[in-house]
Amino acid sequence: MKRIIGGEEDSNNSSSKSPPRTCKKVRKQTSEEAEAVVVSELPGSEWARLPQELLLHIFQYLPLLDRAYASQVCRRWNQTFHMPELWRYFEFELNQPASSYLKATHPDLIKQIIKRHSNHLQYVSLKVDSSTESAVAACDILSQLVNCSLKTLGLISTARPSFMEVPKSHFISALTVVFLNSKSLSSLKIDDTPVDDPSLKVLVANNSDTLKLLKMSSCPHVSPAGILCVADQCHGLRELALNYHLLSDELLLALSSEKHVHLEHLRIDVDEFDPFFNEESPVTHLYFGRSVSKEVLGRVGLHCPRLVELVVCANGLRPLDEELIRIAKHCTQLSAIGLGECEVSCSAFVEFVKMCGRRLSQLSIMEEVLIPDHKYSLDEIHWEVSKHLGRVWFPDMMPTW
């Protein structure tokens with residue numbers, strides 16, 4: 001006869017087959033409580049208690065899509081996502097995931113941000129890939145910035161210039177919205193876009209007292225007269241960055257006049273240069289993307305006394321000894337130079353460095369550029385150059401500019 005005490009034997013016997021449901025529930029609760037205790041002791045749980053200022057700082061480093069995901073974690077993170085301070089500076093990446101290595105951003109999310117924070121945006125850049133759809137989406141964003149107070153605007157093509165495939169009227173009308181509404185634009189970078197002279201006049205009419213930097217390249221609808229209009233009427237303009245498509249002798253001469261001495265930097269990307277540098281020019285930064293002749297470099301040394309940076313990607317097989325010495329003698333503000341497929345004797349290069357002194361903050365010279373002579377070999381030259389620079393220097397194995 002089996003003894004049953006308070007049902008214990010029954011429960012013990014049945015435990016080998018199927019435990020009672022009440023036991024399952026108790027054990028499950030115990031397991032969850034133990035897990036909660038472990039999780040609460042993990043460092044990650046402190047994220048929910050981070051100060052608002054620190055959360056805001058972290059959010060500023062996140063792409064738009066990641067910010068949106070983070071805003072769904074908890075109420076405090078969602079509040080951080082909608083803080084006006086978070087939307088003063090932002091890059092809108094408009095890319096198709098199938099054709100770009102950059103992360104795609106959903107158009108509806110961008111519209112939501114524009115609708116709620118357009119009056120907070122101050123520093124905006126629109127990065128588009130090679131698809132026309134991305135460029136059109138960028139124009140649509142521009143046309144929504146009716147309550148903005150932008151200080152910086154950049155239109156950047158990460159691949160081929162897709163802005164040029166947008167109908168000109170659509171692009172100009174969208175850009176004009178920004179020019180009319182910003183009233184405080186200080187920095188504008190518009191590369192490979194169909195911007196034109198009339199739209200620049202709108203820019204000048206509304207931002208002449210605030211514009212300090214204008215960077216344009218490959219803008220075929222802009223004429224030298226349009227550039228000069230900006231330089232004439234924007235008296236606070238300090239930096240002008242152009243490429244050779246926008247240059248003319250008349251424009252360089254006009255920018256060299258006393259009327260425009262307020263320009264601190266005139267950056268020029270040069271691919272065609274025979275007509276230029278025959279008169280004194282206020283150019284401060286020169287980038288020769290194609291082979292440049294000795295004659296043109298000689299004129300640079302004579303007519304560009306304000307030159308700060310010079311990059312020569314190619315020259316040919318004629319040594320540039322005299323030209324470099326002339327540049328060192330007349331360009332007394334030169335602080336950065338890069339030489340690619342050129343030739344310079346080691347002795348002339350040492351003399352150039354000696355004349356420029358320690359103001360050369362960047363000296364990027366390909367090893368193949370330097371030609372050994374009777375005074376210096378390639379093994380010796382880095383010691384001599386380092387001595388005059390005041391720091392250790394070696395030739396580059398590949399260009400770094």
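Q: Does D196 count as buried or exposed, and at what relative accessibility?
A: In this predicted model, the general idea is to compare the relative accessible area with a cut-off, and buried means under 20%. D196 has a relative accessibility of 9%, so this residue counts as buried.

Q: With which residue does D196 form a salt bridge, and how far apart are the closest N and O atoms?
A: D196 forms a salt bridge with K168, and the closest N and O atoms are 3.4 Å apart. Because D196 lies in the loop between strand 4 (187–191) and helix 9 while K168 lies in helix 8, the pair ties together parts that are 28 residues apart in sequence. K168, with a relative accessible area of 36%, is partly exposed.

Q: How is the packing of two helices described?
A: Two packed helices are described by the angle between their axes together with the distance between the axes. Here the axes of helix 8 (residues 168–182) and helix 9 (residues 197–207) come within 8 Å and cross at roughly 10 degrees, which means that helix 8 is roughly parallel to helix 9. Helix 8 contributes I172, T176, F179, L180 and S182 to the contact, and helix 9 contributes S199, V202, L203, N206 and N207.

Q: Which residue forms a salt bridge with E323?
A: K294 is the partner of E323, with the closest N and O atoms 3.0 Å apart. This pair links distant parts of the chain, since E323 is in helix 13 (residues 321–330) and K294 is in helix 12 (residues 294–303), 29 residues apart. E323 is buried at a relative accessible area of 7%, and K294 also counts as buried, at 14% relative accessibility.

Key: Residues are numbered from 1 along each chain as its sequence is written. This is a predicted model: local features need pLDDT of at least 70, side-chain atom pairs count only at pLDDT 80 or more; totals for chains, interfaces and linings use all residues. Side-chain values use heavy atoms; hydrogens and water are left out. Axes are lines fitted to C-alpha atoms, for helices over the stretch in contact, and angles run from 0 to 180 degrees between N-to-C directions. Helices (H or I, at least four residues) and strands (E, at least two) are DSSP runs, numbered from the N terminus. Angles under 35 degrees count as roughly parallel, over 145 as roughly antiparallel, 65 to 115 as roughly perpendicular and the rest as oblique. Contact means heavy atoms within 4.5 Å. A salt bridge is a side-chain nitrogen of Lys or Arg within 4 Å of a carboxyl oxygen of Asp or Glu. Buried means under 20% relative accessible area, exposed over 50%, partly exposed in between (1.4 Å probe, protein chains only).
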